[in-house]
Amino acid sequence: NVLNLKLVKNEDILTKIGKRNGLVKIGFALETENPVKNGEAKLKNKKLDLVVINTKTEEENPFGAGKKNYIVISATGEKRDIKGKTKKEIAGIICGYADRLMRQKGSGKKALL
């Protein structure tokens, strides 16, 4: 028995959303090499306000439960290493950033992290 599976390339949703004004745009990236450099490129290329990066190395596995490490980079170039947080904790932190971004969109403020 042979099973043939035809795949269709999906549209890059983040790139499409990045073209829209008035939205707070936060992307997520899993990086195995050069996480800051690659994260900054995604932030710029996809026109995001914020990117949250997980890293995957031999020592660090972002999958499953437990405490993980993250790198958060804003469109203003601010970077923050967030270490030893559960997924629930990082979700709360990201929601806080999103809230501040929504408030700042109309105020002209730039600092976030």
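Reader: What joins the side chains of glutamate 60 and asparagine 69?
Author: A polar contact of 3.4 Å. The term covers a pair of N or O atoms within 3.5 Å; within protein, one must be able to donate a hydrogen and the other to accept it, and residues adjacent in sequence count only if both atoms are side-chain atoms. Keep in mind that this is a predicted model, where local features need pLDDT of at least 70, side-chain atom pairs count only at pLDDT 80 or more, and totals for chains, interfaces and linings use all residues. Residues are numbered from 1 along each chain as its sequence is written, and side-chain values use heavy atoms, with hydrogens and water left out.

Reader: Where is glutamate 60 found?
Author: In the loop between strand S2 (50–55) and strand S3 (68–74). Strands (E, at least two residues) and helices (H or I, at least four) are DSSP runs, numbered from the N terminus.

Reader: Ok, new one. Is glutamate 31 buried or exposed?
Author: Buried, because its relative accessible area is 8%. Buried means under 20%, exposed over 50%, and partly exposed in between, with a 1.4 Å probe and protein chains only. Glutamate 60 is partly exposed, at 22%.

Reader: And what does the side chain of glutamate 31 join up with?
Author: The side chain of asparagine 38, through a polar contact of 3.1 Å. Glutamate 31 itself lies in strand S1 (residues 26–31). Leaving aside neighbours within four places in sequence, its contacts include Lys42, Ile53 and Lys56.

Reader: Switching to the sheet: what's the strand order?
Author: S1-S2-S3-S4, an open sheet of 4 strands with mixed pairing. S1 and strand S4 (79–85) stand at the edges with a single partner strand each, so one side of each has no neighbour in the sheet. Two strands pair if DSSP finds at least two bridges between them.

Reader: In which sense do S1 and S2 pair, parallel or antiparallel?
Author: Parallel, over 6 bridges. Phenylalanine 28 stands opposite valine 52 in S2.

Reader: Which strands does helix H2 touch?
Author: Helix H2 (residues 35–45) packs on the sheet and touches S1, S2, S3 and S4, with its direction at about 45° to that of S3. Axes here are lines fitted to C-alpha atoms, for helices over the stretch in contact, and angles run from 0 to 180 degrees between N-to-C directions.

Methods
Contact = heavy atoms within 4.5 Å.
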